[in-house]
Amino acid sequence: MAPAPAAALEAAPDRAERIGQPGCACQRSQSTLSLTSIVNAKQRLMTIPMLNLFLDSLEEGVLFLDKDRKVLAANRAATQMIGLEGGTLVDLLCPSIFKGTPCAQSCEQRGSCALTHDENASDIVQDLVLQRPDNTSVNLRMWARLLPPSDNLPLSCAIILRDRSHEAELEQHVTERMQLGSMVGHGPAMQKLYSQILRAAPSDASVLLAGESGTGKELVAKALHDNSDRCKGPYVPVHCASLPENLLESELFGYAKGAFTGATAARIGRFEAAEGGTLLLDEIGEIPLGTQVKLLRVLQEKEVVRLGENHARPVNVRVIAATHRNLEAMVERGDFREDLYYRLRVLPLHVPPLRERTEDIAMLANTLLNDLEKRYKRAPMRLAHETLLALEAYAWPGNIRQLFNALEYALVHADGPTILPQHLPPEIERVAQPAPSDMAPEPSLVRPYYRPAQRLINEAETISRVLAESGGNKAEAARRLGMSRTTLWKRLRQRPN
């Protein structure tokens, strides 16, 4: 039978008499609720059975550990979360219970509980997914509490466990609404696009993605593939505009040995390479009319004929086409075949430009910045509120691709952990400048970061006055002036002697 959680208190015969006596080491900590105040042999404020009942009534799991991280006792919630009986848990090392988790790895490297810390330090909280013996998993949040030291009590700390499976499920639900695949956005435009993608994905019908350059049409195509029944098959993207006309057909349909000079061996085309999966024809509007005829035949007959051969090969491919051009206008001009247009446009999807989803810019910018930090191996950066206002005020003709480039520019030019408006490319910073009618001096010395430094006639006088008011402290003066210390240092160098 599993020992009660409070059984560890009865390890020494005379412990109940000694706990709470003057000079007892358990009275050293005033900030932690001491077990001695609960189990006092003389005052009998709470008996051992009552303590067991209290611990077993908690929703949180509690593991009592000794200094060697060995489990001495556990309450009912802990045994249920971990999936082991209390008797099985006792004498196990804590890292072995959570084996394979980051917490256990840190604990083994440190040689002591990785969740414990000095009394004055903030709590260390660890979220992890525990694989239980019955092959189920549970999301746990755990932290530790040091117990008052005592010569009589073998207890060192208590590990608190909280089941956060429902919370993790809600977080996942929110994440799915804010992100689909590699696409990020929570506004109405993206919610509509997510819904359209999930509706179109199960179908094998051709999809035509329309949208401006840099809007992420490739990500939409990948999301269509990943959410389809073909997700385990190959995903083959082809950028049609990057291939010369004389190579496009051989790349798409393949060729036989000797089909042309240099064809020393047969080669399959992209259609055959995508067998059982998805083929993305990016920039479909750049395909010449001659190739359009052959492409139409492949879509109609679902078979390809390699260059230099005269027999067809069946293909099982879902085709997604993408373009930034107005194909309907090209059809009217005769630059694009009407029959091919309608063959591709069975399921049309429009990818909105960034200027139509400004509510997503903050989330998108932080996601892209996180990717750039990893690429440049930089410490975590943050976007100042004024910087986000500047990003949202810009029209973004280059869409997400331009936003990514702007953040990369800012990351290189930033001289601290915060990206300020002056670190952005000039064309973006200019948009945030106030109109000439709004250029009146502000009553306060502090001005928003997203406004550029105003080169007023009395600028040098203002800087000198603020420096004097700040007692010569340049960091404080820069804060009051609303500029970085680097900018202030440059302005000081530019002042006449």
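The angle between helix α8 (residues 188-200) and helix α9 (residues 217-226) is about 40 degrees, and their axes lie 8 Å apart. Axes here are lines fitted to C-alpha atoms, for helices over the stretch in contact, and angles run from 0 to 180 degrees between N-to-C directions. Helices (H or I, at least four residues) and strands (E, at least two) are DSSP runs, numbered from the N terminus. The crossing of α8 over α9 is right-handed; a crossing has this hand if the near helix is turned clockwise from the far one by less than a right angle, and is left-handed if anticlockwise. On the α8 side, L193, I197 and A200 meet V220, A223 and L224 of α9, where contact means heavy atoms within 4.5 Å. The residues of this contact comprise 6 nonpolar, no polar and no charged. In this count Ala, Val, Leu, Ile, Met, Phe, Trp, Tyr, Cys and Pro are nonpolar, Asp, Glu, Lys and Arg are charged, and the others, Gly among them, are polar.

The model is predicted: local features need pLDDT of at least 70, side-chain atom pairs count only at pLDDT 80 or more, and totals for chains, interfaces and linings use all residues. Residues are numbered from 1 along each chain as its sequence is written, and side-chain values use heavy atoms, with hydrogens and water left out.

Strands count as paired if DSSP finds at least two bridges between them. Strand β8 (residues 207-210) runs parallel to β16 and is joined to it by 4 bridges. L208 has P348 in β16 as its bridge partner.

Another open sheet is antiparallel, with 5 strands in the order β2-β1-β5-β4-β3. Its edge strands are β2 (71-74) and β3 (126-131), each pairing on one side only. Neighbouring strands in this sheet are turned by 30 degrees against each other on average, direction ignored.

β3 pairs with strand β4 (residues 137-146) in the antiparallel sense over 6 bridges. L128 stands opposite L140 in β4, and D127 has R141 in β4 as its bridge partner. In a regular strand the side chains alternate between the two faces of the sheet. Buried means under 20% relative accessible area, exposed over 50%, and partly exposed in between (1.4 Å probe, protein chains only).

The hairpin of β3 and β4 has 5 residues between the strands, and N135 takes a positive phi near 70 degrees there. N135 is exposed, with a relative accessible area of 70%. D91 is likewise not a glycine and has a positive phi, of about 75 degrees. D91 is in the loop between α4 (86-89) and α5 (94-97).

Elsewhere, helix α10 (residues 245-253) has L248, E249, S250, E251, L252 and F253 buried. After α10 comes G254, with a positive phi near 85 degrees. V184, in strand β7 (residues 183-184), is buried with a relative accessible area of 7%. V184 and M363 are 179 residues apart in sequence, yet 7.3 Å apart in space, C-alpha to C-alpha.

For the chain as a whole, the secondary structure comes to 21 helices and 18 strands. Of the 497 residues, 43% are buried. Among contacts between residues at least 6 apart in sequence, 62% join residues at least 24 apart.
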